[in-house]
Amino acid sequence: MATTQVGRSERATSQEKELISFNEAMERLSGEERFRSTVYAMNTLLVQKGIYSPEEFEFQFRQFAQKKLR
C-alpha cells in the first residue's frame, strides 16, 4: 500500500502552540497515561487517514473484549 505525505494544516499548527511539549508530556504522564495517549494518537491518525472507520475500530474493540471476557 502506498502512502502519501500530508501537509500540516494551519489549525494543527495553531493548536500546537497551545499544547504541552512532547518531552514534557512524557515526563509528566504515568506509564499507563503514556500508553493510553499513544493508542489515542494512533487511532486518531488511522481514522483521519481513512485506514479504518470509527465503526470498524469499535467492532474490533468489541471482538477483542469478548475474547478476553470469556
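Visitor: Does Glu-56 count as buried, partly exposed or exposed, and at what relative accessibility?
Guide: A residue is called buried under 20% relative accessible area, exposed over 50% and partly exposed in between, using a 1.4 Å probe and protein chains only. Glu-56, which is found in helix α4 (residues 54-69), therefore counts as partly exposed, its relative accessibility being 44%.

Visitor: What kind of model is this, and how are its residues numbered?
Guide: This is a predicted model, in which local features need pLDDT of at least 70 and side-chain atom pairs count only at pLDDT 80 or more, while totals for chains, interfaces and linings use all residues. Side-chain values use heavy atoms, with hydrogens and water left out, and residues are numbered along each chain, as its sequence is written, from 1.

Visitor: How many helices are there in the chain?
Guide: Helices (DSSP runs of H or I, at least four residues) and strands (runs of E, at least two) are numbered from the N terminus. Read along the sequence, the pattern is α-α-α-α. The chain has zero strands, and its helices number four.

Visitor: Which residue forms a salt bridge with Arg-28?
Guide: A salt bridge needs a side-chain nitrogen of Lys or Arg within 4 Å of a carboxyl oxygen of Asp or Glu, and by this rule the count comes to one. Both partners lie in helix α2 (residues 22-28), four residues apart, about one turn of the helix. The closest N and O atoms are 2.8 Å apart, and the partner is Glu-24.

Visitor: Why is the pair of Tyr-52 and Phe-57 given the name it has?
Guide: Rings of Phe, Tyr and Trp (its six-membered ring) pair if their centres lie within 6.5 Å, and planes under 30 degrees apart count as stacked, over 60 as edge-to-face and the rest as tilted. The structure holds two aromatic pairs. In the one formed by Tyr-52 and Phe-57, the centres are 6.2 Å apart and the planes stand at 15 degrees, so the pair is stacked.

Visitor: What is the angle between the ring planes of Phe-57 and Phe-61?
Guide: Phe-57 and Phe-61 both lie in helix α4, four residues apart, and together with Tyr-52 they form one aromatic cluster. The ring centres of Phe-57 and Phe-61 are 6.2 Å apart, and the pair is tilted because the planes are at 35 degrees.
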